[in-house]
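Dear colleague,

Please find the structure below, handed over for your review.

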Amino acid sequence: MTGSLILVWTPIGNLGDLSPRAVEVLASAGIIYCEDTRHSRKLLTHAGISGVALRSLHEHNEDERVDQVVKAVNGGATVAVVSDAGMPGISDPGSRLVAAVARAGLPVSVVPGPSAVLAALVVSGLPTERFCFEGFLPRSGKERRHRMEAVAGDVRTTVVFEAPGRVAATLGDLAVACGSGRPVAVVRELTKLHEEVWRGSLGDAVVWAEGGVRGEVVLVVGGRPDEGDPAVDDGVLATAVAERMAAGERTRGAVDAVAAAFGVSRRRVYELALVARDAPSASPSGAGAEGRA
């Protein structure tokens with residue numbers, strides 16, 4: 001007789017959002033895997049649950065736990081998985097575990113609940129018909145630039161997670177990539193006592209965030225306007241196309257990719273690409289001419 005793996009959505013701030021079904025599943029589970037056993041123990045105590053074994057499951061040990069969970073479920077155990085807040089597997093450990101259990105042909109189910117992504121989206125005041133979720137953006141380097149390019153060129157509303165200490169920097173980078181006039185909502189401390197939603201342009205958001213931002217934060221960025229080129233600086237486009245060409249892409253491919261990512265005209269990017277392509281050869285010849293003078 002096989003058991004099952006159950007993903008249980010937990011409150012994102014307000015413990016009152018823990019559903020009766022979630023309490024029932026957690027109380028009847030044979031074992032609960034969680035990010036932080038101390039944090040989850042407090043949640044169980046609040047719900048009046050005791051006697052259920054807790055075991056850690058975080059980004060550093062998820063691979064080690066996979067075989068244990070598959071074996072337990074195959075042996076008939078009901079295994080519940082929770083994160084510190086929200087849904088396990090969304091910017092939190094759990095996705096590799098689910099994939100392994102599903103590959104083994106074992107049951108996987110979910111207990112839905114509060115969502116920081118959806119809550120921030122609907123309260124932002126920005127279009128909700130089509131949206132994408134970027135999670136946490138890379139902290140630096142080319143990958144961060146490329147992800148910023150994707151956000152800038154997407155006509156859908158984009159939801160981004162960010163750590164409080166990095167909100168100002170990320171808003172600044174988004175303002176450069178998307179243009180300072182792009183609308184944004186900074187949603188802070190969802191469902192908690194000091195919940196706040198700031199709405200305005202990316203340019204104004206940069207100024208607003210200079211004093212520091214506290215608490216859990218979700219950024220909701222408006223999509224690229226459908227008509228006309230967005231307000232993206234030439235410097236951003238030039239850097240993006242130069243990086244792709246330096247990585248070995250042909251000029252045509254690099255131009256097409258950057259134009260599509262930012263939603264700007266191909267001709268505009270092509271002109272910048274020509275400057276980037278000719279720049280390396282200009283420097284040596286210039287130095288040689290100076291040496292002969």
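Where does Arg224 lie? Arg224 is placed in the loop between β10 (217-221) and α9. Please note before reading further that this is a predicted model. With a relative accessibility of 16%, Arg224 counts as buried, because the cut-off for that class is under 20% relative accessible area. A polar atom of the Arg224 side chain lies 3.0 Å from the backbone oxygen of Gly153.

Overall description

The protein chain has eleven helices and ten strands. Its radius of gyration is 24 Å, whereas a compact globule of 293 residues would have one near 19 Å. The C-alpha trace spans about 85 × 40 × 35 Å along its principal axes. Of the 293 residues, 43% count as buried. The accessible surface of the chain comes to about 14,800 Å², and carbon and sulfur atoms account for 52% of that surface.

Two further values describe the chain as a whole. Where contacts link residues at least 6 apart in sequence, 72% of them join residues at least 24 apart. The chain carries 31 positive and 35 negative charges, and the mean positions of the two sets are 4 Å apart.

Arg144 belongs to helix α6, which covers residues 141-153. The relative accessible area of Arg144 is 6%, so this residue is buried. The side chain of Arg144 makes a polar contact of 3.1 Å with the side chain of Thr170. Beyond its neighbours within four places in sequence, Arg144 is in contact with several residues, including Leu137, Pro138, Arg166 and Asp173.

Glu243 is found in helix α9, residues 234-246. Glu243 is buried too, with a relative accessible area of 15%. Setting aside residues up to four places away in sequence, Glu243 touches Lys142, Arg145 and His146. With one of these, Arg145, Glu243 forms a side-chain polar contact of 3.2 Å. As for distances across the chain, the C-alpha atoms of Glu243 and Val82 are 40 Å apart in space, and the two residues are separated by 161 residues in sequence.

Strand β7

Thr158 is located in strand β7 (residues 157-162). Is Thr158 buried or exposed? Thr158 counts as buried, at 1% relative accessibility. Not counting residues up to four places away in sequence, Thr158 touches Cys132, Glu134, Val151, Leu219, Val220 and Val221. Thr158 and Arg144 are 14 residues apart along the chain, and their C-alpha atoms are separated by 15 Å.

Two loop residues with positive phi

Ser91 is in the loop between β4 (78-81) and α4 (95-103). Its phi is near 60°, a positive value in a residue other than glycine. Ser91 is partly exposed, having a relative accessible area of 37%.

Thr191 occupies the loop between β8 (183-188) and β9 (196-201). The phi of Thr191 is near 70°, again positive in a residue other than glycine. Thr191 has a relative accessible area of 24% and is therefore partly exposed, since that class runs from the 20% limit for buried residues to the 50% limit for exposed ones.

With kind regards

Methods: Residues numbered from 1 in each chain as written. Predicted model: local features only at pLDDT ≥ 70, side-chain atom pairs only at ≥ 80, totals over all residues. Heavy atoms only, no water. Helix = DSSP H or I, 4+ residues; strand = E, 2+ residues; numbered from the N terminus. Rg over C-alpha atoms; globule rule 2.2 N^0.38 Å. Buried < 20%, exposed > 50% of the residue type's maximum accessible area, 1.4 Å probe, protein only. Contact = heavy atoms within 4.5 Å. Areas by Shrake-Rupley, 256 points an atom, 1.4 Å probe, with all protein chains shown as cover. Lys, Arg positive; Asp, Glu negative; His and termini not counted. Charge placed at Lys NZ, Arg CZ, Asp CG, Glu CD. Polar contact = N/O pair within 3.5 Å; in protein donor to acceptor, adjacent residues only side chain to side chain.
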